[in-house]
Amino acid sequence: GAQNARDRTNEQEAAQASSDEEQKRSSQDECSSGEESGDSDQLQTAVDTPNEPLAEMKLYMWYFDQCDPKKCSGMNLKKIGLLRTIALKAKFNGLVLTPATDKMISLEDAGILMEHGLAVIDCSWAFFDSVKVRSIRQRERILPNLLAANTINYGKEFKLNCAEALAAAYYLCGFEAEARSIMSHFKYGAAFFAVNEYRFSRYKGCATSEEMKQREAEVLEELRVEK
């Protein structure tokens with residue numbers, strides 16, 4: 001309707017606003033959660049953190065030392081005590097965001113997320129198949145189509161960095177306040193929700209992976225027609 005059209009217009013304007021700047025940015029190695037950006041310059045004290053009580057967040061990451069830790073958003077979250085790294089052979093029973101599954105994150109995953117946590121695998125996609133991580137196959141999840149807002153890949157699809165991926169998963173599991181809390185530690189945190197305003201509004205409330213897949217297809221078709 002008219003509201004959806006306005007949301008899409010706002011989203012497109014937000015992405016266009018920095019298109020000139022984006023042309024000047026250099027690309028880096030792809031990571032399983034997206035391309036990492038120079039987050040050492042983007043980390044900030046939390047602002048606009050929701051006043052409501054937050055659920056306990058259990059954030060984890062397998063880090064394979066394939067990028068500069070000072071530029072890794074996941075390592076920056078670790079630095080401020082919000083994330084823990086996991087040993088390669090450690091058993092993990094939580095949700096794992098990877099590109100190697102077709103099962104999408106949804107509200108049905110909220111229980112696992114809250115009880116066992118959420119993890120990303122920070123390594124180059126080119127070497128993802130060779131990464132041996134224990135006990136993740138049954139709980140691998142992938143995110144629907146979203147736009148990055150980090151300083152390297154602003155406005156690009158499927159180029160989320162670790163922090164953006166973790167926040168998106170929390171949001172889509174029904175924990176919006178927690179998602180915003182994660183991103184409040186980055187200068188581009190508010191932009192992440194701004195450029196994805198329309199997408200999040202449409203994905204929000206999807207109860208199952210199948211429903212999320214269907215909604216993603218609808219969103220992509222709507223955006224295609226809008227162009």
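1. Confidence first: this is a predicted model, with a mean pLDDT (the predictor's confidence in each residue, from 0 to 100) of 79, and 67% of residues reach 70 or more. Residues 17-32 sit below 50, and beyond near neighbours in sequence that stretch has 32 contacts in the model (contact means heavy atoms within 4.5 Å). Residues 34-41 also stay under 50, with 48 contacts beyond four places in sequence. Where pLDDT is low, the predicted coordinates should not be read in detail.

2. Ground rules: local features need pLDDT of at least 70 and side-chain atom pairs count only at 80 or more, while totals for chains, interfaces and linings use all residues. Numbering runs from 1 along each chain as its sequence is written, and side-chain values use heavy atoms, leaving out hydrogens and water.

3. Of the 227 residues, 49% are buried (under 20% relative accessible area, 1.4 Å probe, protein chains only). For contacts between residues at least 6 apart in sequence, 76% join residues at least 24 apart.

4. There are 9 aromatic pairs (Phe, Tyr or Trp rings, the six-membered one for Trp, with centres within 6.5 Å; planes over 60 degrees apart count as edge-to-face). Tyr 170 and Phe 175 have ring centres 6.1 Å apart and planes at 65°, so they pair edge-to-face. Tyr 170 is buried at 0%, and Phe 175 is buried at 17%.

5. Phe 192 and Phe 193 are edge-to-face too, with centres 5.4 Å apart and planes at 70°. Ring pairs join both to Tyr 171 and Phe 200 in a cluster. Arg 180 lies over the face of Phe 193, 4.4 Å from the ring centre (the rule: CZ of Arg or NZ of Lys within 6 Å of the centre and within 35 degrees of the ring normal).

How values were computed: Buried < 20%, exposed > 50% of the residue type's maximum accessible area, 1.4 Å probe, protein only. Phe/Tyr/Trp six-rings, centres within 6.5 Å; stacked < 30°, edge-to-face > 60°.
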